[in-house]
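Hello,

Here is the structure you are taking over. My notes follow below it.

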Amino acid sequence: MALHKNTSLIRFLLSEKRIIRLNPFRFHQIQPRFCKFVNMKEVVVSGIRPTGKLHLGNYFGALKNFLRLQQQFDSYFFIADYHSLTTHPTPGDLSASVKRVLAEYIALGLDPEQCTIYFQSDLPETAELYLFLNMNAYLGELERVTSFKEKARTQPNNINAGLLTYPVLMAADILLHRGIKVPVGKDQEQHLEMARTFANRFNRLYNNEYFPEPQAFSFEQNLVKVPGLTGTGKMSKSAGEADTIYLDEEASVLNKKIMRAVSDSGPSEPGAPKSVPVQNLFDLMGLVSATDTIQFFEDSHKAGNIRYGDFKKQLAADMEIFIAPLRDKIQTTLGDEKRLNEIAKFGAEKARASAQKTIREVREIIGFSNR
Ligand code: ADP
Ligand code: TRP
């Protein structure tokens, strides 16, 4: 019975000429959508830039999903240190930030035995794939990317080529492992669309369905956007202290930040809609508070008698309950430099094996011989 099943599976795979183009007996060339037929796990890839301490947005947009995905898939989580060079960090700042994000990954529960954790710059293959993809990425489309336009507006004195080709480097990160699920927050949606464009274009150019189409992924129904505290946009490492709640925030600072968060002068009448800054605070409460607590404040807003002082006090208390254990774990992990170095070395070796295989195959597809 088992033999019969296997024979028909192989016949099925061989009949799918598009799946196995170079060599029918090389299973690594099987399209990820057929992984389930051959008991292979889909590949998950994501990274966070080492541009500051991790915050609630990074946790709920990215890391929380990493933790579940590592148990089910072949997962690669890296520290995007090449990406952080667009802002020209000093060597001292860069190495401290990189180490910090690694410590935070481990403290929050990424397990080097379950997933592959590495520094992007430990895989120079990333740069090679970036170069290949750049040959097929066009100025017009890169200039239209929202994050590029935003950066060009906010840092007019540093509109470097790395910023322009940021989505190409990100596509290289993902395609290097032939990633298919990419856990990211809402702000990365457009970058994922570009990654699909570059993957498809490569496939079309070389008439080979080598790269899968990566998709942004969240266990939530929609991709997450955690708002900042100042009522403007998403929480971000670069949005400033007052806007951001770090995952190791001290209790007193946390309390102060929430009590000072932007709200409004209160509902004008019962049933009045929430203003954007107040909705943001409700969104934050939705992340950490119990359902009946949230309902209580929803009801009092609807009734027009909400007291923002009490609302914020409750939010600060619930946030502290969420943050306290993370803060302790981050501090402890940061101190264990020897373990962090071992984890980085182990992860780099695992990631390199996957990257080198892809680069070898990509070079072959392009027409370079692998000597
Ligand atoms: P930042 O924007 O703070 O510099 P990164 O750009 O390095 O952080 O983002 C790392 C990951 O965290 C990405 O998956 C990104 O989508 C997610 N992320 C960052 N900020 C938020 C946010 N406010 N809400 C949801 N996800 C976020
Ligand atoms: N661009 C992402 C961010 O700013 C970080 C990142 C770099 C990334 N390469 C990636 C995320 C590959 C997912 C996959 O948040």
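Helix α13 covers residues 291-303, 13 residues in total. Just after α13, G304 takes a positive phi of about 85 degrees. Helices (H or I, at least four residues) and strands (E, at least two) are DSSP runs, numbered from the N terminus.

This is a predicted model: local features need pLDDT of at least 70, side-chain atom pairs count only at pLDDT 80 or more, and totals for chains, interfaces and linings use all residues. Residues are numbered from 1 along each chain as its sequence is written, while chains are lettered from A and ligands numbered from 1 in the order in which they are written.

Next, the ligand. There are 20 residues around ligand 1 (C-beta atom, placed from the backbone, within 6 Å), and G57, G61, V184, G185 and K237 come nearest. Helix α2 (residues 56-72) gives the largest share of this shell, five residues.

Then D187. D187 sits in the loop between β4 (181-183) and α10 (189-205). D187 counts as partly exposed because it has 17 C-beta neighbours inside 10 Å (buried is 20 or more, exposed 12 or fewer, partly exposed in between). Leaving aside neighbours within four places in sequence, D187 is in contact with K225 and K234 (C-beta atoms, placed from the backbone, within 7 Å). The C-alpha atoms of D187 and V224 are separated by 8.5 Å, at 37 residues apart along the chain.

Best wishes

Conventions:
The expected span of a helix is 1.5 Å times one less than its number of residues. Two residues are in contact if their C-beta atoms, placed from the backbone, lie within 7 Å.
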